[in-house]
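Reader: I would like to go through the labels attached to this structure and the criteria behind them. Please set each value against its definition.

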Amino acid sequence: MIYRRINIPHSRGISRWSGTITFEERYTGITGKSERHVSASFINALPTLHRNIETTDFNFTDDKGTGSVTYHGETIIDGKKFGTTDCQGSGQTELHEVVVDETDNVYHFHVIGPACSGTSVSTLDGKTEPYGPEFTDITISDRPLVNKDLLSGTKTDVVDLGGDLGTVTRTTTWNLERSANDVELIITPQNYDNWLPEPGKNEVTVGSVMNISLKLQGRNGNPLSTKAKLLNFIF
């Protein structure tokens, strides 16, 4: 029996990705200052969204990675410190969305950092209250697409809050690489050993036809995590 194995490129939004993302946020203003650091790392992660499956339960495991987060904030009014907040965390992150738009040559992604938990302490009376858990959303939108298999860059945004309220500076650095295709199309001709081409009786009569079967599977026969919506063949 003859069969042909073809790698199928992932359509947008359902590829697996590996890489790292870091995020830094600094605020300085009349009400105080704060600093946040987040890192996330993924290995062969499949984004939460755009899986083309019928479900309302997005409690997946293959969209997860690992990371860490720290936060320190100080409340200062008229030069006097009123309180501090500190939190930290490590563990699960989520590759929520990756969209590569080859039509408009742009891409965007959304990552959710690990939970940050800690305490807020009043410097006036020493009272301590729990803080968190808090999750950081890291989003990059409409970045120019240079290589559809490698999304990499650094972006810094400075937001002026107006007046004496201060500024917020956010810097994101990312390097995401598309994993090797993990979907294969198996094309199997039926009765290949005995089939011979035969012409029709005339120009409008169809000759002999070879039937083929198609099967999508994960690489090495693994189960598929997504479903195909459309297959196009050009002969």
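**Labels and their criteria**

Author: The side chains of Glu74 and His72 make a polar contact at 2.9 Å.

Reader: What makes the pair Glu74 and His72 a polar contact?

Author: A polar contact is a pair of N or O atoms within 3.5 Å; within protein, one must be able to donate a hydrogen and the other to accept it, and residues adjacent in sequence count only if both atoms are side-chain atoms. The side chains of Glu74 and His72 come to 2.9 Å, so the pair meets the distance limit of 3.5 Å.

Reader: What do these values rest on?

Author: The model is predicted, so local features need pLDDT of at least 70 and side-chain atom pairs count only at pLDDT 80 or more, while totals for chains, interfaces and linings use all residues. Residues are numbered from 1 along each chain as its sequence is written, and side-chain values use heavy atoms, with hydrogens and water left out.

Reader: Why is Glu74 called buried?

Author: Buried means under 20% relative accessible area, exposed over 50%, and partly exposed in between (1.4 Å probe, protein chains only). Glu74 has a relative accessible area of 14%, and therefore counts as buried. Glu74 lies in strand β4; strands (E, at least two residues) and helices (H or I, at least four) are DSSP runs, numbered from the N terminus. Beyond four places in sequence, Glu74 touches Thr31, Gly32, Lys33, Lys81, Gly83 and Thr84, where contact means heavy atoms within 4.5 Å.

Reader: Is Asp137 buried, exposed or partly exposed, and why?

Author: The relative accessibility of Asp137 is 48%, so this residue counts as partly exposed. Asp137 is in strand β9. Its side chain forms a polar contact of 2.7 Å with the side chain of His110. Leaving out residues up to four places away in sequence, Asp137 touches His110, Val111 and Ile112.

Reader: How do you know that a disulfide joins Cys87 to Cys116?

Author: A disulfide is a pair of cysteine sulfur atoms within 2.5 Å. For Cys87 and Cys116 the S to S distance is 1.9 Å, so the pair meets the criterion of 2.5 Å. The pair links distant parts of the chain, 29 residues apart: Cys87 in strand β5 and Cys116 in strand β7. The link is right-handed, with 100 degrees about the S-S bond, and both cysteines are buried. The search of the whole structure finds 1 disulfide.

Reader: Which residues touch the most other members of the largest nonpolar core?

Author: They are Ile21, Phe109, Val111 and Leu151, out of 23 residues in that core. A nonpolar core is a set of buried Ala, Val, Leu, Ile, Met, Phe, Trp, Tyr and Cys residues joined through side-chain atoms within 4.5 Å.

Reader: How many helices and strands does the protein chain have?

Author: The protein chain has 0 helices and 13 strands. Of its 235 residues, 33% count as buried.
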